[in-house]
Amino acid sequence: MMTRVIWLTGLSGAGKSTLARSIRDALQLDGHRGHVLDGDDLRSGLCADLGFSMADRAENVRRVGEVARILADVGVVAIVALISPVLRDRALVRERLEDVGFLEVYVSAPLEVCETRDVKGLYARARQGQLPNFTGVSSRYEPPVVPDVEVRTDKMTLRECTERVLERAGYSRAARRCTGATSAGL
Ligand SMILES: Nc1ncnc2c1ncn2[C@@H]1O[C@H](COP(=O)(O)OP(=O)(O)O)[C@@H](O)[C@H]1O
Ligand SMILES: [Mg+2]
């Protein structure tokens with residue numbers, strides 16, 4: 001079965017957004033429709049009323065899951081890039097989306113690596129105490145116990161990560177055709 005929802009979970013800076021866009025581009029090259037639901041973007045609109053408490057994070061995951069379902073129902077592969085730190089929240093969304101094909105991908109890199117990348121300067125701010133509830137620093141991250149796929153972004157290139165996920169999601173041809181066009185230098 002081809003997965004309709006590819007859910008990327010992991011620390012800030014692990015590579016979720018980068019990998020999500022790469023997966024989308026590879027799917028589109030192979031004639032599929034894919035759309036990225038990025039937690040950072042959604043927080044400015046759909047989820048603008050939510051903060052980073054555990055209850056708000058749970059609601060965030062639930063809402064993004066429902067949008068993913070709508071996309072899946074109209075034949076678009078939803079690629080979700082969302083820290084989604086809580087095991088139980090992800091278990092609930094999986095249950096809700098099982099029937100459209102749900103793949104949980106653990107996008108992983110050691111905290112030190114994510115912190116060194118510090119793509120958005122958030123770790124520095126969190127270490128200075130300016131960001132309460134920042135995942136990995138002042139808020140917990142619960143890694144998947146048995147993820148459907150784990151990609152180590154500190155050890156594998158973006159292209160390798162993209163191919164691995166596409167393969168597991170049932171898009172072998174897209175994986176084979178993956179050019180790595182968006183992965184220059186990685
Ligand atoms: N294999 C890889 N997959 C994804 N990103 C990678 C990889 N290797 C290095 N990176 C880099 O790591 C950073 C990840 O940032 P980003 O995608 O914004 O993370 P997140 O969305 O998880 O916060 C980017 O600068 C990206 O270029
Ligand atoms: Mg991101």
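The model is predicted. Ligand 1 sits in the largest pocket, where 17 residues surround it. The structure also holds three aromatic pairs, one of which, formed by Y106 and Y141, is described below.

**Position and shell of ligand 1**

- By residue class, the shell around ligand 1 divides into seven nonpolar, seven polar and three charged residues.

**Polar contacts and cover of ligand 1**

- An oxygen atom of ligand 1 lies 2.9 Å from a polar side-chain atom of S17.
- The backbone of M156 provides a polar atom that is 2.9 Å from a nitrogen atom of ligand 1.
- A polar backbone atom of L158 is 3.3 Å from a nitrogen atom of ligand 1.
- On its own, ligand 1 has 570 Å² of accessible area, and the protein covers 83% of this area.

**Aromatic pairs**

- A pair of aromatic rings is described by the distance of the centres and the angle of the planes.
- Among the three aromatic pairs of the structure, the pair of Y106 and Y141 is stacked, with 6.0 Å centre to centre and 20° between the planes.
- This pair links distant parts of the chain, as Y106 and Y141 are 35 residues apart.
- Y106 belongs to strand β4 (residues 102–108), whereas Y141 lies in the loop between α6 (122–127) and β5 (149–152).

Terms used. Residues numbered from 1 in each chain as written. Chains lettered and ligands numbered in written order. Predicted model: local features only at pLDDT ≥ 70, side-chain atom pairs only at ≥ 80, totals over all residues. Heavy atoms only, no water. Near = heavy atom within 4 Å. Polar contact = N/O pair within 3.5 Å; in protein donor to acceptor, adjacent residues only side chain to side chain. Areas by Shrake-Rupley, 256 points an atom, 1.4 Å probe, with all protein chains shown as cover. 1 Å grid on protein atoms, 1.4 Å probe; cavity = no way out; pocket = protein on both sides within 12 Å on 5 of 7 lines; lining within 4 Å. Sits in = over half its atoms within 2 Å of the grid points. Nonpolar A, V, L, I, M, F, W, Y, C, P; charged D, E, K, R; others polar. Phe/Tyr/Trp six-rings, centres within 6.5 Å; stacked < 30°, edge-to-face > 60°. Helix = DSSP H or I, 4+ residues; strand = E, 2+ residues; numbered from the N terminus.
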